[in-house]
Amino acid sequence: MALNRKIAYIELTTGDIETKPIPVKVRNMFLGGRGLDMYLMYNHIKPGVDPLGSDNVAFVSAGVLGGTLASASARTHIGGKSPLTGFVGSANMGGFFAPELRWAGFDHLVIKGKAENPVYLWIQNNEIEIRDAKHIWGKTVHETQEIIREELGDRDIKILTIGPAGENLVRFANVMTGIKDAAGRSGMGALLGSKNLKAIAVRGTMDIKLERPEEALQYNKKVIEQITSAKVSQTQGKLGTPFIWGATNTQGLVRVNNFQLNQLEDADEVEAEAIDKVAVGMAGCFGCQVHCRSKYVIPEGDYAGVYDEGPEYTSQGAWAAEPGCRSLNNILVCNHLVNIYGLDTLETGSLISWVMELYEKGILTDEDTGGLDLRFGNEEAVIEMIHRIAKREGLGDILAEGPLRAAEKIGKDSIKYLVHVKGMSNLHSDERPTPGLALGIATASRGSDHLRSRPAIDLYHLPKQVLRNIYSQPVPYDGPVTSDYRDYEGKAWQVFWQETCYEAVDCLGICKFHTVFLGASLPSFEEWSKLLYYNTGLELSPLDIWTIAERAYNMERLFNIREGLTREDDWLVDRYFDEPTSVGIPGVRGKTIDRDKLKNMIDEYYEHHGWDEQGVPRLETLQRLGIENEPSHIL
Amino acid sequence: MAKVLILDYEKCTGCRLCELVCSVKHEGVSNPARSRVKIVKWESEGRYVPMSCQQCESAPCQAVCPVKALSRDETLNRVLVDYDACIGCRMCIAICPFGAMSFDVLAKRIIKCDLCDGVPLCADFCEVGAIQYVDAGQQSTIKQVTAADKLSEIMQKVAQAISAV
């Protein structure tokens, strides 16, 4: 059956490997994926451990619907204490790894200790082997996968790997699979690197028995029609996430020159349509009809002829808006470099843009930059900085430590110009005109982040009735809703709802693009309840799934609080309050976030969660969710 | 007229939903290793090629089978396996020029595409049309139109370039 996949506990220091089944009781509490990973994290990571020390634990998982007839049941989750923030580390990627892991018999890997020398894991049909990786240490993300496939003699092996950045313990190194699928945020690549774990190779040919195959086929067909009939899916299937750029940049909702402007002018080559011209087709993750991944070949320059995939919306920001660059080639090259080095594109671009502002303001000198002219728009300098960060050279070595540590090292007023929450840099979005989105990044469990709780459909000015229909299920809500993204009213609930929605899909192991993230008509709790039943036999109502997601999110909160998080960490940097937006459409000009109103939103957001005014879950909340006795050490 | 499966690598996004629905339809499980269709990938080039039985008119598998376990079903234009007759010698796998005959190691038998008895799910679920189920005579028409489209586009560009000179 679809629920018989196991947990493997892999101790790299000793080489011991143990496997355990996952009791249905635990499934009903956390499902799998990110949810169960959060349970495991809270139970296996001792408070206060050094994130790059051998006491930290890495978690790799598939969602409970991974590899089943639920559309895009492709997601892999990586967890651990974040080397970047010291709080919850959590990152999620598409591709083909998670289904393969399930065909090989496993849902969750708990990786402890530290290997003496570089190793990789080879997992095949219930068997796990720890193999020497000295010969692939230092290889890029793309090279590593080719070498392992060649070495093991099977071209269908799926691999997750770190690149040189992860080996060099760059605190925002990512974990990748395939050409561009990245568990990007919170430095999970550095975590694997600190364990001397280069990669995990997996191949499975074991059945995942579906509970009701005929009904699962029929129902999936229906859900596919729901997904593909949405305009947003069609647009994304042609242009990928870069399609978002047109709407946000036109309005003035992007960070330019770090945080000094909110619109990039004269940037025709940054448009999705320009990227589409060099795209050589679209690719999809496992079982997905949205196929939002562009395939491209770099047309000119030093990297001409190189194949890669993407770039995503994040890379338009990281390699154009934030550093003030405007050429398509720069976006394509930088995107390629972060892919082969295994760097979080978003954090890397954000940090480079920050030091560019410091350079222009005279806080950093030519001596500090090693002679690099870090003025905004200097594409060669941006490319050079990517190399230096990955290799930890000069200023790159300082940035490799992440925003807060770098600000401390650089000193002076450098921290004033940093755009981060909880020590994690923000996407290139500018949330000053959008209080709902601002609340999302301020409170997200892993730091400044648009994929934790962003009510992105807020940008569409949807009719109130449409919003009410979405946001009053599966739990009733009769508070205010507003169609104006500049409003503060009702946004706390939207953020809470989206946060629970995204946690749910991460437990299920399906893609956020198949839910109410970018499209208001896409599947939600009701559909997931049926998908779960037909595929796995789990009988959980939409409300049950909501509660599971809430429970998992509370585990994240408990983890963060145990690591010292306070209400002050759920806050934005001063620039959001003190520097008004200067350009864009009239409706977004002159905007700042109001401190008092944000404070009130946070109060309301806590209240929706059943947390006290300090953001600590109340005992009755934990009791309602059945997690008052955690850590319970069941698994 | 009997229909045929058309496999078009130019349209394939590599999602492998065809493999999934095939294994669910035939075995009731998710397991691409037991699928009759397979996406062969060159990941580092972004090249994905759907492969399945071509239901050859003059089928090598049928010719090589020592026990005549393979036969032609003219109604659905397919090659069928008689599992009562099949001895599992795998000669059909050895001779198939497309690698379309495979061996299911769990069921210990050969497997091949049976066109889902006239409603092939791989085509039904392939939203991009990389796998289509069309009238046999249509296959070349579709190719002709696509080729003609490209050709006329080139000709127009050439004509424009000449007139510009």
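**Notebook: chain A sheet and the contact with chain B**

I began where the chains meet: A:Ile208 has B:Ser30 as its bridge partner, in strand 2 of chain B. Before going on, I noted that this is a predicted model, where local features need pLDDT of at least 70, side-chain atom pairs count only at pLDDT 80 or more, and totals for chains, interfaces and linings use all residues. Residues are numbered from 1 along each chain as its sequence is written, while chains are lettered from A and ligands numbered from 1 in the order in which they are written.

Next I looked up the strands around that bridge. Strand 13 of chain A and strand 2 (residues 29-30) of chain B run antiparallel and are joined by two bridges. Here strands are DSSP runs of E with at least two residues, helices are runs of H or I with at least four, both numbered from the N terminus, and two strands pair if DSSP finds at least two bridges between them.

Then I turned to the whole contact. Chain A puts in 33 residues and chain B 21 residues, contact being C-beta atoms, placed from the backbone, within 7 Å. Helix 7 of chain A gives the most to chain A's side, with five residues.

Last, I checked a sheet in chain A. It is open, with three strands in the order 14-15-16 and antiparallel pairing. Strand 14 (279-283) and strand 16 (307-309) of chain A each have a single partner strand, so one side of each lacks a neighbour in the sheet. Strand 14 and strand 15 (residues 293-297) of chain A pair over three bridges; I found A:Ala283 partnered with A:Arg293 of strand 15.

Definitions and conventions:
Two residues are in contact if their C-beta atoms, placed from the backbone, lie within 7 Å.
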